[in-house]
Amino acid sequence: MPQTLQEYADWLSNRDDLIWPTAPALETPKATPFLKPLKRISAITFSIYGTLLHITDGELLFDHQQQLRMQIALDKTIKEFNMWNSMSRKPGAPWEYMLSQYRSLLEDQQLGGKVAKGEKPEINSAELWKLLIERLQKNEYTFDESFYGNLDDFSLKVAYFFHSSLQGISPMPDALESLCQLSQYGKKVALFADAQPFTLVQLLRALGTQGTLPPLSELFTQECFCFSYRETVRKPSVSLYEKLLDRFDQQGIPPEEILHVGSRIPDDLAIARSFGMKTALFAGDSLSIHASKAEVRSPDTKPDRLITNLSQIAEILD
């Protein structure tokens with residue numbers, strides 16, 4: 001029976017022969033929380049990277065400007081999945097050849113997404129690696145389907161491995177406790193994020209280091225999840241917000257009763273605000289926060305509340 005991604009991730013974490021990057025020490029910007037209670041909040045939505053998860057570089061990256069980081073991640077991936085024997089024997093190191101292939105496909109996804117004008121296409125890392133693997137298969141590349149699953153399952157696991165080798169991740173302080181508390185208050189809690197097919201596994205694994213995870217259905221209202229990779233567009237695409245609000249509308253919850261928590265004003269919170277949602281700026285991570293003084297103060301973009309720790313969300317709720 002092939003392993004699920006969760007099982008595969010657990011298996012990787014128990015291996016002694018792998019070294020993973022770690023997220024840097026958390027640095028918090030200078031900010032004063034504004035925690036005046038908001039009335040009639042029925043639901044809370046969260047961005048993930050930079051809000052619930054502390055990640056190297058402050059956001060999930062597909063390519064890194066430091067070539068050494070890409071070299072290490074690609075070298076590890078090529079070795080882990082025995083790709084070298086099916087790669088072109090062109091001059092240069094294996095990672096250099098893979099990097100050129102990877103960046104070519106990445107650019108195709110960035111420019112070739114079929115989305116409406118004004119929308120921002122999302123990259124699907126698992127699909128990108130699937131294309132790379134299909135190229136290897138033309139040169140007799142094989143993998144263990146009994147362990148990894150079919151091509152789609154295998155591509156997802158390769159994507160997870162590569163990104164885990166590229167960036168370190170840890171949970172934000174008090175993330176699990178805060179989520180559990182909101183659920184206990186009877187609030188609907190959902191994830192509204194630029195995300196990849198492996199993001200939920202990354203999140204749950206990180207939260208699990210802070211305590212015992214309750215069943216997913218007790219922690220989140222999953223039918224209201226809105227992930228960019230599923231919708232093929234990423235923030236600040238307007239259609240992403242429309243789809244989120246449509247799912248909450250089916251739950252009988254209007255925009256003004258939704259509090260969206262994130263660390264970026266111009267391409268997230270400001271858009272949520274324009275749709276009538278309440279917003280809370282998470283200023284708990286210097287790496288991830290994107291909010292100028294002008295944006296914080298402008299009546300068109302300023303968040304309704306400002307928090308420096310996720311536990312403060314409970315104080316905002318009336």
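Trainee: Which residue stands opposite A43 in β5?

Mentor: K188 is the one in β5 that faces A43. This is a predicted model, in which local features need pLDDT of at least 70 and side-chain atom pairs count only at pLDDT 80 or more, while totals for chains, interfaces and linings use all residues. Residues are numbered from 1 along each chain as its sequence is written, and side-chain values use heavy atoms, with hydrogens and water left out.

Trainee: What makes β1 and β5 a pair?

Mentor: Two strands pair if DSSP finds at least two bridges between them. Strand β1 (residues 43–46) and strand β5 (residues 188–193) have four bridges, in the parallel sense, so they meet that rule. The strands themselves are DSSP runs of E with at least two residues, and helices are runs of H or I with at least four, all numbered from the N terminus.

Trainee: In what order do the strands of the open sheet stand?

Mentor: Six strands make up this sheet, in the order β6-β5-β1-β8-β9-β10, with parallel pairing.

Trainee: Why are β6 and β10 said to stand at the edges?

Mentor: β6 (226–227) and β10 each have a single partner strand, so one side of each is left without a neighbour in the sheet. For β10 (residues 305–307), three bridges join it to β9, and R305 in β10 is the bridge partner of A280.

Trainee: What joins β8 to β9?

Mentor: Strand β8 (residues 258–262) pairs with β9 over four bridges, in the parallel sense. Within this pair, H260 stands opposite T279 in β9. The chain goes from β8 through α12 to β9 in a right-handed β-α-β crossover. That name applies if, with the strands pointing away from the viewer, the path from the first strand over the helix to the second runs clockwise.

Trainee: Why does F192 count as buried?

Mentor: Buried means under 20% relative accessible area, exposed means over 50%, and partly exposed is in between (1.4 Å probe, protein chains only). F192, found in strand β5, has 0% relative accessibility, so it counts as buried. In strand β9 (residues 278–282), four of five residues are buried, and the strand is mostly covered.

Trainee: What makes a space a pocket and not a cavity?

Mentor: On a 1 Å grid over the protein atoms alone, a cavity is a set of points where a 1.4 Å probe fits but cannot get out, whereas a pocket is an open set with protein on both sides within 12 Å along at least five of seven lines. Lining residues have an atom within 4 Å of a point. The largest pocket holds about 590 Å³, the space filled by probe spheres set on points joined across faces, edges and corners. E59, L60, D194, R234 and R264 lie nearest its centre, among 26 lining residues.
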